[in-house]
Amino acid sequence: MTNAMYTLPKAELHLHIEGTLEPEMVFALAERNGMELPFASVDDIRSRLDFTSLQPFLDLYFECGAVLRTQQDFHDLAAAYLTRAHEQGLRHVEMFFDPQGHTARGVPVDAVIDGLLSALAEAHEEWGITGGLIMCFLRDLPVESAFALLDSVAHRVDDLIGVGLDSTEVGYPPELFEQVYAHARGLGLHAVAHAGEEGGPEYVSGSLDLLKVERVDHGIRSLEDPELVERLRAAQVPMTVCPLSTVRLAGVPTMADHPLPRMIEAGLLVTINSDDPSYFGGYVGDNYLAIQQTFGYDNLAMAGFALNSVTASFASDARKDELR
Ligand code: HPA
Ligand code: ZN
């Protein structure tokens with residue numbers, strides 16, 4: 001029988017579409033695009049997934065992501081993800097993408113957006129999945145690059161849900177992006193940011209105060225600052241936690257050490273997500289299953305996480321009512 005963790009209707013709010021690139025697709029796209037790969041085989045890529053921190057993962061993520069060249073590639077990537085997401089009970093997805101990783105290789109940002117949107121439109125048609133795109137700024141690139149990216153999509157902001165901030169966290173604090181975010185919010189875009197994944201709680205408070213984020217991505221190190229925890233609890237700021245990711249990036253040694261139970265006990269609004277499923281060993285339902293098996297949450301508690309994912313989404317109120 002299909003496990004309830006896969007059939008439970010849910011939303012995914014922390015998913016990097018480039019992080020769904022499976023090794024088999026890396027090879028298929030490299031061949032289609034006539035590219036040489038620095039990997040011997042699919043297994044060679046799989047043998048490199050024992051990361052010890054964020055940076056070695058990011059290096060591999062960008063190396064593999066280099067095979068994405070055409071609008072069709074982005075369509076095929078998102079279509080493959082959405083098929084798996086559908087199989088794991090996903091009804092709504094707010095998908096991160098990293099245009100600066102692609103425009104640097106000469107791929108037009110419009111090809112990226114159009115490819116991803118066409119797959120989302122098909123998933124809506126076929127399965128009724130709703131959602132859209134959250135455009136992320138790579139925080140280790142110059143702020144001018146983020147501004148240039150935002151300017152380049154300003155004519156089509158209606159095709160985006162919001163902006164996010166990802167890549168190397170430590171050393172690239174939120175204050176760098178205060179003006180970029182102000183501009184994005186002025187265009188009517190929602191604001192989220194990775195914070196407190198490897199960086200300390202000050203990255204989370206800075207994201208709230210300066211970037212005015214509506215959700216915090218990861219946010220696990222918030223627990224080190226009781227005042228911040230109280231603030232997040234009182235305002236019910238959604239946290240997009242990614243259990244398998246945090247274990248794989250050695251934020252914690254094993255799932256049993258994950259701070260998730262402490263976040264829940266603190267009264268935080270926690271959602272469960274997959275982050276970069278092809279690199280971290282599982283899609284959204286696999287993350288639900290992993291925490292249920294580790295912490296023994298019953299199905300009612302697990303349904304609570306799914307409900308949180310709907311509440312924390314940027315779906316319309318009417319769509320949220322449908323999903324609850
Ligand atoms: N953290 C920061 N940057 C990222 C991640 C992440 O988990 N995944 C893809 N880019
Ligand atoms: Zn992430």
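Modeller: A quick definition to begin: axes are lines fitted to C-alpha atoms, for helices over the stretch in contact, and angles run from 0 to 180 degrees between N-to-C directions. Helices (H or I, at least four residues) and strands (E, at least two) are DSSP runs, numbered from the N terminus. This is a predicted model, where local features need pLDDT of at least 70, side-chain atom pairs count only at pLDDT 80 or more, and totals for chains, interfaces and linings use all residues. Residues are numbered from 1 along each chain as its sequence is written, and chains are lettered from A and ligands numbered from 1 in the order in which they are written.

Colleague: How do helix 5 and helix 7 cross?

Modeller: The axes of helix 5 (residues 71–87) and helix 7 (residues 109–127) come within 7 Å and cross at roughly 35°.

Colleague: What makes residues of helix 5 and helix 7 count as meeting?

Modeller: Two residues are in contact if their C-beta atoms, placed from the backbone, lie within 7 Å. On that basis F74 and L82, among others in helix 5, meet residues of helix 7 including L116 and W127.

Colleague: Where does helix 7 lie?

Modeller: Helix 7 lies across strand 2 (90–97) and strand 3 (130–138), at about 155° to strand 3.

Colleague: Why are strand 6 and strand 7 called a pair?

Modeller: Two strands pair if DSSP finds at least two bridges between them. Strand 6 (residues 215–218) and strand 7 (residues 238–241) have 2 bridges, in the parallel sense, so they pair. D217 has T240 in strand 7 as its bridge partner.

Colleague: What order do the strands of the open sheet take?

Modeller: The 8 strands run 1-2-3-4-5-6-7-8, with parallel pairing. Strand 1 (10–16) and strand 8 (269–272) are the edge strands, since each pairs on one side only.
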